[in-house]
Every structure is written in C-alpha cells, then in structure tokens.
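Please keep the sequence and the 3D view open while reading.

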Amino acid sequence: MKLQRTKNATRNIVFGVILQIYNLAVPFLLRTALVYYLGMEYLGLNSLFASVLQVLNLAELGVGNAMVFSMYKPIATDDKETICKLMNLYKKYYRIIGTVILVVGLLITPIIPYIIEGDIPKDLNIYILYLLNLATTVMTYWLFAYKNSLLTAFQRVDVTSKISIIIKTLTYVTQFLVLLFIRNYYAFIIVALVTQIVNNIATAYVVSKMYPGYDAHGEVDKKEKKEINQRVKDLFTARIGGVITNSVDTIVISMFLGLTVLAIYQNYFYIVSSIIGFATIVYSACMAGIGNSIVTETKEKNYKDFEVMVFIVAWCVSICTCCFLNMFQSFMKIWMGEENMLKMSAVVCFCLYFIVYEINAVLNLFKDAAGIWHQDRFRPLVVSITNLLLNIITVQYWGIYGVLMSTVISMAIIGIPWIVTNLFKILFDGNQKIIFIKKLAKYLIQIFIIGIVSYLICNMINLDGIIGLAVKAIVCLLLSNVIFVVCNARTMEFDYTKKLAYRVIKER
C-alpha cells in the first residue's frame with residue numbers, strides 16, 4: 001500500500017497543531033486556577049508525580065516504536081495478516097507492561113515522601129495521591145492501547161488528535177469545576193483517571209470502525225518475534241535516556257530545592273515544552289512517511305529530505321528562541337507575578353536547552369524512522385548518565401541553572417555528535433557528514449545572531465503589560481524571519497521548502 005505521505009503528514013500536522021494549541025491554552029488556565037485556589041505546592045506535586053510515573057514507564061521499553069516500525073513493510077505491501085499478528089503481539093506486551101508498572105509502582109510507594117524537600121500540604125496523604133496517579137498510568141496500557149499502533153503506522157494520528165480534544169475538554173471542564181466548587185485535590189486527580197479510561201475506550205472504538213479488517217489475532221513467527229525483541233532491547237537504552245533527561249530533572253529539583261521552586265521552574269518549562277510539543281507533532285506526523293520513504297526511495301532522496309527537515313527545524317528554532325529570549329519575563333510577570341519569576345540568566349539557559357533539544361529531536365526522528373536502534377543503543381545511556389551525574393553535582397551549587405545546563409552540556413558535547421556519526425555511517429553517505437556539520441554550525445550562528453540583535457532592540461521597548469508583550473512579539477517574528485530568510489534565500493533547502501509549502505497549500 002503506497003501511503004500518501006505529504007497529504008497524510010499535512011493532515012496530521014494540522015490536527016496536531018490544533019490539539020497542541022488547545023493543550024497549551026486550556027491547561028494554562030487550569031494551572032492558573034490550581035495555583036489560585038490551592039497553591040503553588042499543589043502544582044509542584046502535579047509535576048513531581050508526572051515525572052515519577054515517567055520513570056516507571058521505562059517498562060514500556062520502546063515496544064510501541066518497535067511495533068510500529070515492524071508495520072511499515074506489511075502496510076507498504078498490504079499484508080493484513082501480518083499486521084493482525086503484530087497487533088496481537090503488541091496487545092500481549094502491553095498487558096505485561098501494565099502489570100510490571102503496577103508491581104514496581106507499588107514496591108516503591110514507601111520512598112515517595114523522601115523525594116520531596118520541605119513540607120507537604122497537611123490536608124494531603126501523599127500515598128493515596130501517588131496510587132491514584134499510578135492507577136491512571138496502568139490503565140493506559142491495559143485498556144486497548146495497542147490499537148493506537150494502527151493510527152500511527154497508517155499516518156492517521158489526526159484521528160487521535162480529534163478524540164483527544166473531545167476527551168480533554170471533558171477532563172479540563174470537570175477539573176475546573178472541581179477547583180471552583182469543591183477545591184479538593186483528590187477529586188481533581190480522580191477526574192484524570194476516569195477520563196483516561198474513557199479516552200482509551202473511545203480510541204479503540206474509532207479504530208475498530210476505521211479498520212474493521214484489522215483485529216488482534218494470530219501469532220508472529222519466531223524469526224520476526226526475535227527481530228522485534230531485539231529492537232525492543234536496543235530501544236531500552238533510548239528509553240532510559242529519555243526518562244533521565246525529561247523526568248529526573250524534576251525529581252532532583254524536588255529533592256534539593258523543594259515543591260515551590262519546582263512549581264516556578266515548571267511554569268517556565270511548561271511554556272518551553274508546549275512549543276516543543278508543536279515540533280513533536282510534526283515529527284510524529286512525518287515518522288511513518290519517512291520510514292516508508294527509507295524503504296521505497298533512494299539514499300540520495302532521503303538525504304535531501306533530511307537536509308530540508310533540518311533546515312525547517314532550524315528556521316522554527318530561530319523564531320521560537322527569539323521569542324523566548326525577549327518575551328519570557330514579560331509574560332511570566334503578567335501570569336504569575338514578579339515574586340514567582342526566575343532570573344534572566346535562567347531564561348538564557350532555557351533558550352540553550354530548547355535549541356539543543358530540537359536539534360537532537362530532528363536527528364532522532366530519522367534514526368527512529370530508519371530503525372537505527374541497535375547501533376545507537378549505548379548513546380542515550382551515556383548521555384543520560386552524564387546528565388544525571390551533572391544534575392546531582394551542579395544543582396547543589398547553581399540550583400536551577402545547573403539542572404538546565406547539565407542537559408545542554410550532555411546533549412551538545414556527547415549526544416548530538418554521536419548520533420550524527422551513526423546517521424552518516426548507516427543511513428547516509430559518510431562523505432557528506434562534514435558538509436552537514438558545516439550547515440548545522442551555520443544555522444546555529446544565525447540563531448545566536450538573531451537572538452543578540454533582537455535582545456538589543458527589544459530592550460529599547462519601554463512598554464509593560466499586554467501591549468509591551470504584543471509589540472515584542474511583532475518585533476521577534478519579523479526580525480527572526482527576515483534575518484533567517486536573507487541568510488538562506490539562495491540555498492537548495494529554502495527553494496525546496498517553498499515548493500513543499502506550495503504543494504501542501506494546493507492539496508488543501
């Protein structure tokens with residue numbers, strides 16, 4: 001089956017962006033209500049539990065990515081029987097994973113209070129809250145989670161986006177009503193548990209209607225199962241790396257600096273991660289298409305697509321970094337007040353974190369699409385261990401700044417050079433590696449120039465409040481785009497991007 005890669009990716013991106021805007025705006029209001037009605041410590045608890053459960057999600061081992069990758073070829077050849085067998089294997093694995101998370105989660109329950117520095121709100125039982133959050137996570141695996149693999153493999157994550165908008169609306173409205181009338185944190189968490197169950201059931205129902213001929217039955221042959229298990233093993237270190245990078249930072253801040261500092265940090269990180277979420281939508285939408293292209297197209301065509309994708313990401317990063325640098329503090333002052341703000345140096349650290357994270361993410365996109373997990377299995381582990389050690393050391397001396405820069409240093413010095421080497425050794429022509437590195441360095445220089453110039457100009461804008469924020473937004477958007485386009489207007493990547501944009505608009 002030949003996938004309509006551009007059309008599917010565009011559709012997924014459109015609905016994904018709508019969902020992400022929704023996920024940025026509505027939870028923003030909910031976070032504000034949580035702080036207003038209950039307090040900053042409750043917001044810190046929310047972030048801490050999310051990070052602890054991400055660590056428990058190591059049990060997933062990357063099974064999802066391995067299974068979806070295994071579906072690329074049978075989808076391309078319209079082999080329904082093999083897809084059904086893969087779904088059945090996926091179903092069994094996810095039931096086992098949910099059980100493992102439950103057992104391990106229960107075993108570590110006694111240590112939960114020890115990862116919180118300072119006092120816990122007196123009206124809360126930390127164990128009950130943790131077990132409610134644990135139940136929410138376990139249910140995501142036990143209730144038809146395997147059916148999502150079809151939507152991902154067929155590039156129909158737009159369907160997931162539509163369902164999420166409906167279910168999350170129900171969740172947020174109910175949680176807001178709980179905060180407004182009951183002001184009970186237990187009820188707040190129980191709402192999330194119930195609606196997660198509804199989300200899984202609704203998604204499974206829609207998938208069954210869309211793909212009636214695809215049911216979980218049959219057994220994968222031993223050779224194929226062995227290959228899948230090998231991919232899962234190779235993905236395990238990547239899972240460890242992702243968890244330590246994304247979750248342990250939060251746990252370290254809670255242990256050494258307390259829930260209030262964690263909540264302030266998470267307010268900044270919430271904005272950054274929301275923007276990262278937009279990029280993740282694009283990557284998720286393109287993943288199956290890139291995987292299909294790697295199977296069916298030439299090495300030269302795939303490398304050209306890689307160059308263009310990196311160019312587009314660099315362009316978007318330049319715009320976002322410019323906005324972060326010049327608008328973050330003004331926005332936080334309006335939203336949470338001056339007493340709940342970090343220093344400007346922390347904003348610079350967040351900008352560096354965002355740049356490095358996105359470069360690493362686009363490289364990982366092609367690595368995952370190509371299934372280069374075995375050759376890359378040690379890199380995430382080395383990067384994550386380095387990050388963890390630096391976290392524990394630097395947080396005691398530099399606080400939040402040490403936590404952020406630990407991630408930047410470990411990714412920039414170890415992670416990115418390593419993954420670039422793997423990509424050009426296995427997927428692309430190794431002779432083009434130096435050329436690509438020079439292009440990447442050029443983009444980084446352009447981003448830093450844009451940041452410096454925009455900061456100098458925005459510092460001259462003596463306007464406060466919403467008006468000042470709006471003026472800075474206009475300056476950042478115009479300046480970043482003008483400088484980046486002027487620097488790259490004559491490149492192949494810019495020309496290809498224009499043609500791609502025209503094709504996408506025409507197909508809409």
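## Basis of the description

The model is predicted, with local features needing pLDDT of at least 70 and side-chain atom pairs counting only at pLDDT 80 or more, whereas totals for chains, interfaces and linings use all residues. Residues are numbered from 1 along each chain as its sequence is written, and side-chain values use heavy atoms, leaving out hydrogens and water.

## The second largest cavity

The lining of the second largest cavity divides into twelve nonpolar, no polar and no charged residues (Ala, Val, Leu, Ile, Met, Phe, Trp, Tyr, Cys and Pro count as nonpolar, Asp, Glu, Lys and Arg as charged, and the others, Gly among them, as polar). The residues in question are V310, V313, A314, V317, I359, V362, L363, F436, L440, Y443, L444 and I447. Helices α11, α12 and α15 are the elements that give two or more residues to this lining, and the largest share, five residues, comes from α15.

This cavity has a volume of about 80 Å³, and the structure holds four cavities of 30 Å³ or more. On a 1 Å grid over the protein atoms alone, a cavity is a set of points where a 1.4 Å probe fits but cannot get out, while a pocket is an open set with protein on both sides within 12 Å along at least five of seven lines; lining residues have an atom within 4 Å of a point. Grid points are joined across faces, edges and corners, and a volume is the space filled by probe spheres set on the points.

## The second largest pocket

The second largest pocket has a volume of about 330 Å³, and of the 21 residues that line it, N326, Q329, S330, D464 and K472 are the closest to its centre. At least two lining residues come from each of α11 (299–335), α12 (344–370), α15 (433–458) and α16 (465–488), with α11 giving the largest share, eight residues. By class, the lining of this pocket has twelve nonpolar, six polar and three charged residues.

Helix α4 (residues 80–107) and helix α5 (residues 126–142) pack at an angle of about 170 degrees, with their axes 8 Å apart; axes are lines fitted to C-alpha atoms, for helices over the stretch in contact, and angles run from 0 to 180 degrees between N-to-C directions. The two helices are therefore roughly antiparallel (angles under 35 degrees count as roughly parallel, over 145 as roughly antiparallel, 65 to 115 as roughly perpendicular and the rest as oblique). Among the residues that meet are Y94, R95 and I97 in α4, and Y130, L131 and W142 in α5. This contact has eleven nonpolar, four polar and one charged residues.

The axes of helix α14 (residues 400–426) and α15 come within 10 Å and cross at roughly 140 degrees, which makes α14 oblique to α15. Their contact (heavy atoms within 4.5 Å) is made by V420, T421 and F424 of α14 with K433, F436 and I437 of α15. These residues divide into four nonpolar, one polar and one charged.

## Surroundings of Y496

Y496 is found in helix α17 (residues 492–507), where helices are DSSP runs of H or I with at least four residues, numbered from the N terminus. Leaving aside neighbours within four places in sequence, Y496 is in contact with K301, K304, D305 and V308. The C-alpha atoms of Y496 and D305 are separated by 9.3 Å, although these residues lie 191 residues apart along the chain.
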